[in-house]
Amino acid sequence: MHGVEDYSYVQFHHIFPLQLRFFDADQFGHINNSIYFQYYDTAKMDYFEKLGVPFDNRHVTVTAHIDADFMQQVYTSDSNIEVQSAVTHIGHKSFIFVQRLVDSVTGEIKCIGRSVIVSFDLEKNESVEMWPEWVEAIKKFEGSNIR
């Protein structure tokens with residue numbers, strides 16, 4: 001088992017408030033751990049929308065890797081849960097996307113997720129170089145030269 005990576009250096013510029021759903025939970029009111037990835041995916045789509053980058057058949061991304069460290073339980077009664085997202089590194093064909101579920105009132109981190117997102121050509125069925133407009137939009141949004 002590995003330790004939880006410290007992302008305290010990351011500035012999370014994207015915040016996506018969640019509305020927890022009753023059917024996301026088990027009979028004890030705990031949000032099922034598999035649902036966290038749905039929350040992350042929904043926030044990821046909002047992140048791309050906020051970037052203003054093209055997201056069409058020529059600009060496709062696939063998740064090559066995803067993991068999560070579950071720090072605290074989330075319950076359906078928690079009313080202030082948000083997803084915070086940031087790109088922490090841009091490679092030639094992929095980028096690292098860090099997301100965390102946080103109680104927006106207490107600041108308590110509930111879960112930290114990390115994904116490797118790959119730019120992809122559906123016709124050729126292979127990864128491709130990151131699109132320059134995406135690289136520039138991410139750098140502008142994140143406020144740093146992260147490549």
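Hi everyone, let's start with the helices: the axes of helix 1 (residues 33-51) and helix 2 (residues 132-142) come within 10 Å of each other and cross at roughly 95°. That makes the two helices roughly perpendicular, a label for angles of 65 to 115 degrees. Axes here are lines fitted to C-alpha atoms over the stretch in contact, with angles running from 0 to 180 degrees between N-to-C directions. Helices are DSSP runs of H or I with at least four residues, and strands are E runs of at least two, numbered from the N terminus.

A quick word on the source: this is a predicted model, where local features need pLDDT of at least 70 and side-chain atom pairs count only at pLDDT 80 or more, while totals for chains, interfaces and linings use all residues. Residues are numbered from 1 along each chain as its sequence is written, and side-chain values use heavy atoms, leaving out hydrogens and water.

So who meets whom? From helix 1, Tyr47, Phe48, Lys50 and Leu51 touch Trp134, Ala137, Ile138, Phe141 and Glu142 of helix 2, with contact meaning heavy atoms within 4.5 Å.

Now, which residues of helix 2 are buried? They are Trp134, Val135, Ala137, Ile138 and Glu142, where buried is under 20% relative accessible area and exposed is over 50%, with partly exposed in between (1.4 Å probe, protein chains only). The face turned away from that buried side carries exposed Pro132 and Lys140. The buried residues of helix 2 pack against helix 1, strand 2 (60-70), strand 3 (81-90) and strand 4 (94-103). Just past helix 2, Gly143 has a positive phi of about 75°.

Thanks, all!

How values were computed
Angles under 35 degrees count as roughly parallel, over 145 as roughly antiparallel, 65 to 115 as roughly perpendicular and the rest as oblique.
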